[in-house]
Structure formats: C-alpha cells, structure tokens
Amino acid sequence: MFNGGGPGGRGRGKDSTKAKNFSGSIKRMISEMKGFYLAIIIAIIMSLGGSILSVITPDKLADITDEITGGLMIDRGRVEKVSAEIMTSDMSQDSKIDGVTVSAEDKVVFMQKVQEIAQDLDAENPADIDASKIYGAVDEMPESVKTLIEPKMDYDAIKHLAIVMGILLALSAIMEFVEGWIMARVTAGFARNLRNRISHKINKLPLRYFDKHQIGDVLSRITNDVDSVASSLDNSFGTIIGEGSLMIGATVMMFWTNWILALVAIISSLLGFIFVAIILSKSQKYFTDRQVELGNINSHIEEVYSGLAVVKAYDGKATADRKFDKINRKIHTANQKSQFLSGMMHPFMAFVGNFGYVAVCVSGALLTMNGYISFGVIVAFISYVRLFSSPLSRIAQAIGSLQPAAASSERVFEFIDEEEMSSERGLGADIDKDNVKGDIEFDHVKFGYNDDKLIIKDFSAKVKAGQKIAIVGPTGAGKTTMVNLLMKFYDINSGDIRIDGKSTKEMTRAEIHSLFTMVLQDTWMFSGTVRDNIAYNHTSITDKEIMKICDTVGLGHFIKTLPNGLKTDVDEGGAISAGQKQLITIARGMVEDAPFLILDEATSNVDTRTEELVQKAMDKLMEGRTSFIIAHRLSTIKNADLILVMNEGNIIETGNHEELMAKGGFYADLYNSQFAL
Amino acid sequence: MFKLLRYLKPKDYLFIGLAVLFIAGQVGLELKMPEYMSAITRLVQTEGSEMKDILQNGGMMLLCALGSLISTIIAGWFVSNIGADFSYIIRKKIFDKVESLGINEVRKFSTASLITRTTNDITQTRMLITMGANMLVRAPLSAAWAIIKIHGKSWEWSTATAVAVVILLATIITTMMIVIPRFKVIQKLTDRLNGVTRENLTGIRVVRAFNAEKYQEHKFDKTNTELADITRFVDRVMSVMSPMMYMVMNGITLVIYCIGAYLIGNSVMADKLTIFSDMVVFSSYAIHVIMSFLMVAMIFMMIPRAQVSADRINEVLDTPLTIKDGNFDDDTAETGTVEFRNVSFKYPDAEEYLLKNISFKAEKGQTVAFIGSTGSGKSTLINLVPRFYDATDGSVFVDGVNVKDYKQKALRRKLGYVPQKAVIFSGTVASNISYGDSGNGKPSERKIQKAAQVAQAKNFIEKLDKQYNAHIAQSGTNISGGQKQRLAIARAVARDPEIYIFDDSFSALDYKTDASLRQALKDYTKDATSLIVAQRIGTIMNADQIIVLDKGECVGHGTHKELMKNCEVYKEIALSQLTKEELNV
C-alpha cells in the first residue's frame, strides 16, 4: 500500500500523497465512472453474494460438527433405560429390547460392566467422571447391547451437509471471481478513458499552460496518477465493498445465531481495532516523512550525479556528503519507524482474533453448560469472529491506500478541468491556403504574457507577399513571442493582425495554422519511420512526391542509403545525425506547403558541411513565401526586408540593416560586438 | 542478494540472530495455541466440565497469544532496524562509490540508471529483507512445527492437506507464468504511451502548427487501447487467485471434517473422542501448513525482483576504479603550464580513437583555444586535464608533473573548470559561487562579489530579490541559461585557479556578454592560463594558440592569422560564420 518513492515521486511537494479534499475527490471519482455503473452494480451484487455465501458456510460446518458430535456422545438416558429394561427382564433368558435380541450371557456381561463404571456414572461431581473409562467399558460390552446404547452417526445427513457446503464454497468462489472479472473491465476501461481524456486535453489547452508546467508533471499524471487511481479502484473499492459486506453479513449472522456471543465477539474485536487505528495513524506520519525524504535524497543524488564533473573538479565531495548523510539519517529513522509501526498491525490483528476466540469460547462454554446453545454454535462463532475481525484491518488498509489514490485523482481531474483555449464557435473566415496572396499586417498590436505587463507595446508593420522579416536579438530575448502571436498560440491583448486584409480574430486556429509552415530549431522527431516524420498528418501524399521534396532539400541521397529507405525507423540506433534531422523537418515543412513560413535558422550541433546543406534547404523553403525568420546568418539579416530587433521580450527596434546600423542603437552594438575581444 | 549483506555491521548480525530467535519464539507460541484450543473444545463439549478448567485453558491461550504478540513486536523492531540499517549503509556505499567513479564509468551506467540504483533498487532489496526475512524464517519454522504436530495423526488427513498445498501452488505458478511475461509488455506499453505523450508535449507547437492534433490523439489511443486490453487480461487472470485460495482454505476444513466423520464412525468408542479433538486440532494446523507454503511461494515471487535490483547494486559497487589517485602534492617547479605529449584517447570499450597523437604546451598566462566540428574531440581533450578520463597513450603534464602522479585534490586545486552545460546546485547564489573546497578556505563575501562581477553576473544578481542570498532551485530552473553559465564561470573565478578550463562555456552567452566577459577575465587574471573550447570564431580569434581538431586529429596549430593562411578546415569554419571582410583577410 505504500509504494517506495519512485522517480515519479521526485520533486513533488510535501502533500503529494495527501488529498486536499478526500471525500470530494472520492465523490468525483465515483461520478466520473458513470459509464460503468451497471458493471459496478453487478460486481457489487456478486461481491455481496460471495460474502453472504462465505458467511453461511461456517454455519454448515457447525451443522456437520453437531452431526459428528451427535455420533459421539453416549446418551445417558438411553443407557439408563436399557439397563432398567434388562434388570426388569428375566436374567436367565434371552429377551428382545427395542427389536434387538439380548442373550442371557450378554445381560450378565452388561451388568458387570455397568457395575464397573457405576461409581463414575453416579459421581456427584461431574469433573470426577472419567469419560474414557466409560467409553472403554462400552467397547467391551456384548455386541447386542452395544448396538442398543452406542450412538449412531447420521452419515446421510453429514453427506448432505458436506455437499451443500461444497456447493456454497464453489459458488462463493465463482461469484468472487466474476466480481474480479468485471472489475478488471471497469478498471482497465476507466484508466483508458482517463488517459484518453488527458491526451485530448493536452491539445485543447492554451500554450500558456505548458509555459508554467513541466512535461514531467503532465507525464506523471498520465501514467503514475492514472495507475494509482486504477489500482486503488481495483483493490480499495473492491476490498471495501467485499469486506464491508462480509463484515455486515457476519454481524447479522452472529446476532441471528446468538446475541450474547455476538456482543462478546464484536466488542472484543472493536477494542483491538481501536489499537490498530491508533497505530495506523501514527505510522502515517512516518510514511509521509519517508516519502518526503526520499524525494529530497532523489533531488540531491540527481544533482550530484549529473554534476559529478564539477563536484570532482571543485572538491565538492565533503559538502555533498554532508547533505547526503543528513538526509540518509532521516530516511533511516523514517524507514525504521514506519516499518516497525506498520509491521505491528498484523500481529495486533492476529491477537485480536485470538482474543475474540477465547472470549467466544469461554462465554460460549458458559452458555453451553447452561444448555442455552449447542457446541456447534461455538464452532460457527469461531468462524464469525474471524470473518468479522479480518475485514476490519483490510478495510482500514484500503482506506489508507485510498489516500494517495485520492490525491492522484485530484491531480488527474485538476488537469482535465483546466481551462481550455477560447471557444471558436462562429469563427471561420472561409480562407483557402491556395488562394492566399500572403500579405500580413500588424495593426497596433499589444501583447503581454501577464495582463499587467505588456511586452509588445503598440507594434505596427505591413508586410507584402513574399517579403522576408528577420527577427534578431540575444538568447532569451523573446523571439518565440512573435511565433506565438503569428500562430495565434496566444491571443493578442489589443490591436489586430490581418492576413490579406482579413482579421485573424475572425479565423479559427486551425485555419491560421494551415496558412503557416513552421520549422523550429528543435528538430522535433517522433517515433515512426522517416516517411511518417516527413509526411506527418498528410497521409494521402505519395512516396514519389515525398522523394521529390527530399531531393529538393538535399535529403534524397541520404534516404537512399538508409537500410529501408523511407520506411526506416528513426529510432534505430541514432543513425540519423542532427543535421539530417533538421533537413527532415525542413522537408516536413515543404510537404505542408503553406503561403507563410516561420523559420528558426539556428543550426545546433551540426558540422560545417552539413550546415551548408541545411542553409541551402532553408533558402529553398523560403522561396515564394512570406517568411518570418529567427535569423542567425548575417546574409539573411542583411537581405531582410524588415528586421525586428528584440531584447528582454520587447521589439525595441525595427528597420532594415542599413537603417539600423545608421541608427547606432542596440542592433549596431550587437552587430559590432561579435568582433571585439 | 546475500553478497550485499556482508556490508552490514556486527550489530546488525546480532539483530538478525535476535530477530530469528524471537520469530521462532513467536511461531512456537502460535503453534501452542491450537492445543489449548482443542483442550477448550474438549472441555466445552464434555458434559460436566468445570468453568474453572475452561478459564484456565483460555487464560493460557491468551497468554500464548500475548507472548506471541510481544515477540512479534520485538522481532519486528529488530527487523525494521536491520532493514533501515541496510538501506542506510548500502545507499551510502553506492553514493561514495559513484562519487569516486570516473566520468567514463558514469557515462556507461548513465546518470538516470545510477539514480535508480541508489534509490529504487535499494528500496526493492530492503523490502525483501524486511518482509522476506520475516517470512523466510517464519514459513519453514511454522511449516515444520505444524507438520510435526500433526504427523502420524491420520494419513488420510495428511494426504488431503498435501493435495490442497499442491492445488494452491499449481494455481499460483500457472498464474504467474501467464502474468509475468505480460507485466513486461505492460511496462513496454507504458513506456510507449509516455513516449507518445512526451512527443506531443515537446512538439506541442509543431503539432498545432500542422493541425495534427487528431493524428497524435489517434496514435495515443492505439497504444492506450492495447495497454487497456492487456491490463484487463492480466487482472482477470490474477482475479482467479484470491477466490481459489479462499476456497481451498475452507475446503480443506470441510474435507478434514468429512474424513473425520468417517474415521469416527469406524472406530471403537474409546477412540472416538480422541479422533474428534485430533480433527479439530488438525484442521487448524493444516491451515498453518498451507499458509506457510503460501508464504514460501510469495518469497519466491519476490526474490527474482529483488535479485535484479541487488545485481544492479553490486554492479556499481564492484566496478573497478580506473582513475587511481597519485600521491604528489608538493610545490612544482613550473606554474600555470599544461603540456600534452603524444596524447591519444579512446574509451576502453571502444574501437576507434577519439584523439590521436596530440601534442602542445600552454605556457603561463597564455590562452589556448580548441575548435572543430562536433565529435572532433575538443571536449574530450580538455577533460583529460582534470583527469575526468586518463589518456590511453601519451601523457598530460600540469606544471611539469604528470597528472597521474598528483593527488587528485592537489591537481584540481590548480584548476578552474567550467563545463559545457552549466551545473547549478540548489542553494543560494553565494553557495553556488563559493562551491567546493579550493584549499584556501571559503571565499570571502567580497571575493564572491568580485567573481560575480568578472563573470558579468553582478547585474542580474543584484536585481534578484535577496541578491547573493537569492534561492536557486534545483538545476537552476529559476534562472535563465545564460545566467546559469555566468554563475558557473563566477564559481571558477572565485577559486583563483592557475589554469582555467572553459569547455565551450561561452556559447550560451550572447556575443556582447561573451566579449565583455572575456575582457574582464583577462584584466582580472593576468597570470592565469586558459584552455578554451569554442564554437564561435569570434570567441577565440585573439588566442595565443589555436588548435584545430578534426575527427580527433590536430589539423592546424597556430594563431588566427596563420591558420587563415594554411589551414583549410579552420578557414571553412571561419567563413561559415563571418564574411571575408569581417575576418579581416
């Protein structure tokens, strides 16, 4: 129930295992399972049925025990009746008693044996009776008398009861199995639904969300959190329903059989349970501690291992060790305490079980001796006590493990409930990418990532079809902001961006995206073949068309050298270099074939020759398109029709190369600085 | 697995002994209880028994239960200590070991894998020790004890019990055989699902720009459905187990009673009572036997999982250290010199050399730059100086002494190393700059500020909320890449080294900062030697020596001017970055 702190737990806050609103998230979880209600109801019925059956079975075992003891006890009254009849009959002659012929000799032997055990039979104090002596005497009695007084076992009744009990056991097992079968469907289906909803949600969220949240966070919601919800559904819900009904069943049966014993059993179990509850709540603290400290050591280890070169070069070992030892010590304490306390639970429950047993036996014995109940009732109660006390601890455990599951479900639903991008209902400019000229106009555009801080203040510019716009600035200057606005990844605060005179506010995001080809520095590749990566969602494109594009960007030769040509898997052994990846993304852009282009010129980790190839391909891509280029090459910048100089998020200067150099501002400074030392 | 236990301390072995003792005591007491149970049974059932006797037996049974509870708790205390000690000791061992590993070994394991080995794998093995130790001792003891108790009572009952054990074990083994290979598939599918999601998230702009949302969702859905199908199947197979166990456990009692009825019926009166109480006792011991076998089966399921983890831990602990410490830490005749004599390098497990026959000498106060395309070996070369790797052939000298002869501490005190990707530790700005041990005590506050100024970090630091005491998150996620790089440089400056090593440390800076930083550095450290790996020609144009590398070989050595004349590779790189007139040729 308390899984170790895997990498998934890394970096999460203190409260990751605690739900903020436990009952709220459970309610939500239940309401989200709407489509599975019928299955769940059937599962509950099965579980209830199984529980009821397993409660009835001890009852049958008690009946069997009664039957067996019935064939065990010598009926004193019968012995007295037989001996009286024998004594009143003629001792020297055979006579018939209850249809059995008892010979004269038999009578004599019988009387002798009765004499032998007489003092035992007549003893005042029952404790003085030597039962085995009596039983031994009976064995030595003549056959005829034995048949008269020996107890008889009702084999038919036992056989009947055994068959019934066997059927009940099998039925209860089958029902429990069916419940598991159905719950497997519910869990897998529910987990699948949740995952799909998260996956779909990703594409409905504004990019703003991903600026603030880490990828690892979303990933852990999709796997760890969904898994945790699913497994708790499977285990905890199942346990609570099944064991709960078992407990209720046991209670009902106990009271129905004998209310005094029922009270004894319940009170003794509950006493123990209170202990267990205290232990559980105490150990919870150490489990949380442990999770927190494991997270801490994880971060520390990650830091040291990944920066090992620096740790070594700077002799940072002592510092690293000090921190490590401190956390490691804390884990030691938390480990020991949590393990010890949680380890106490089972022995305590076992003790409670035994305590209940003795309590039931003693009080049962009292009642038996006073003739209130039969021995079978005690046997049944021994099972009831077990049925009552063991679910208690399992339910407590299930509720305990529901805690982190509730926390997980909160995280899942928090993501699903996240505010989506603005609605696009009623939008649509009926724009067709084949008929777009390619003019674009910025009209007093104002934008800020936060409402209170504008970073693009009143930007206006007119770009004619086919022109090139270079965006320059130091790293982190906010060049991607322009990409974000052009692609309508973010909505502008005020002003307008118009394409061919039509406001982008009137267009759907999908329409705008269809007008743009985007090639970023991140050579984003996904698992699949080279062909998949180039064609992407243009599934109807033919291999011939793709090869033509590959030839244009200078990728044709490379693809022919691949073992399976276009069908080669991109994951296979890193055979594709960074430069070739860049060419593939350029080819992908060509397939898209849109009138506008957004291009990041940066070539990272590419050797000089490949760089030339990539630059040639980029030039090809720019041909005939209105292009926005995050520029790194002087030639591009110098040839650009318009340069947007950005720093710290703002567009601080605009103009062409000559104008900006003449101005002697930031751009000129930037341009000149690269040659100074 | 047992190999790891040798790291435990004598105290832990004592604890293990005591734990075994108390577990044995507990098992003994637990198995004593059915005797009292049967005594109570007999008493309750015999007419005229006295309450006193029932109470006495009940009391004894409760005493046993209490004793067993207490010994379990004591044993639990020992076991929990052993487990905690174990993970404490092993974790420390691995951490120490990793700290002393060479960069090459770390590369071979991969950082992520080393992290899991230090955390998850230890948790796995600890679980086997704490849970397993308990069961490993308990199960055989209690099985043996219970078997002795019921031995010779009746072969019919024993056979029935044996059959029950076989049925249960067969169920478990078949289930596991079906399920375990599929667990691996589930893991793989989960990884793939993660992959598809990661893909969608990292490329979110591309996905949207290409209107490819449906395409991604379809891909996700396919894997998701596969995953759901196989988990459902596995869950269903697994759901056989619990009802089966329940049925067998209850069934065995029924069978024993039925056999009992038959035996009683066929025996003479004198034996009937004995058989009856034997039957009650047997049925409870039989459950003990079955439970013990279940426990053993569970351990066998746990062992392979823990064994994998233990092997992974041992693999780290048994890795031989390739970088051996020397013992030279005296003063040297020269200062600030670095010399490579015919140095070649390849990874021990690789075939091809990454560096071939490199020779040069950097004199005190000089700047030596290294340039070349990716994979040309420039980073590897520079990493031979702080002995992150050792040269395969030839030798590297610092201040005229072979780096292999130095005590590593002594060698590294001479060096100020700045890696390609800035390493930032959680803490404060100041703790990052003053990081480590330079042999001269902690740098003063003034020194830290001076270092920050040289590294062009002063401005941004002083804009932070608490300035030098500003909190820095893990990996420096709350500051930008350029800021991280400047802090990393300040860290080197604060150390006042004889020799600076910049492994492509300037690429994250814009041209302007790059230039002013190098100027400030030059002013501040006139006597220090600098080894610089760079990608930008602008960064290295004025170096005293430039070494051009191509596929591990030195294809040019000289100043910028010389190389522009006689080195094709250098010219090619230069021209791809700057125009002819900008290069002044």
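Q: In E12(A), which residue is the bridge partner of Asn647(A)?
A: The model is predicted, with pLDDT of at least 70 needed for local features and 80 or more for side-chain atom pairs, while totals for chains, interfaces and linings use all residues. Residues are numbered from 1 along each chain as its sequence is written, and chains are lettered from A in the order in which they are written. E11(A) and strand E12 (residues 650-655) of chain A pair in the antiparallel sense over five bridges (strands are DSSP runs of at least two residues, numbered from the N terminus; pairing takes at least two DSSP bridges). The partner of Asn647(A) in E12(A) is Asn650(A).

Q: Which residue in E11(A) is the bridge partner of Val472(A)?
A: Strand E5 (residues 468-472) of chain A runs parallel to strand E11 (residues 642-647) of chain A, joined by four bridges. Within E11(A), Val472(A) is partnered by Val645(A).

Q: How many residues of domain 3 of chain B are in contact with domain 2 of chain B?
A: The domain assignment of chain B, automatic or from a database, gives domain 2 as 326-414 + 497-585 and domain 3 as 422-495. Their centres, taken over C-alpha atoms, are 25 Å apart. With contact meaning C-beta atoms, placed from the backbone, within 7 Å, 12 residues of domain 2 of chain B meet a number from domain 3 of chain B that is 13.

Key. Two residues are in contact if their C-beta atoms, placed from the backbone, lie within 7 Å.
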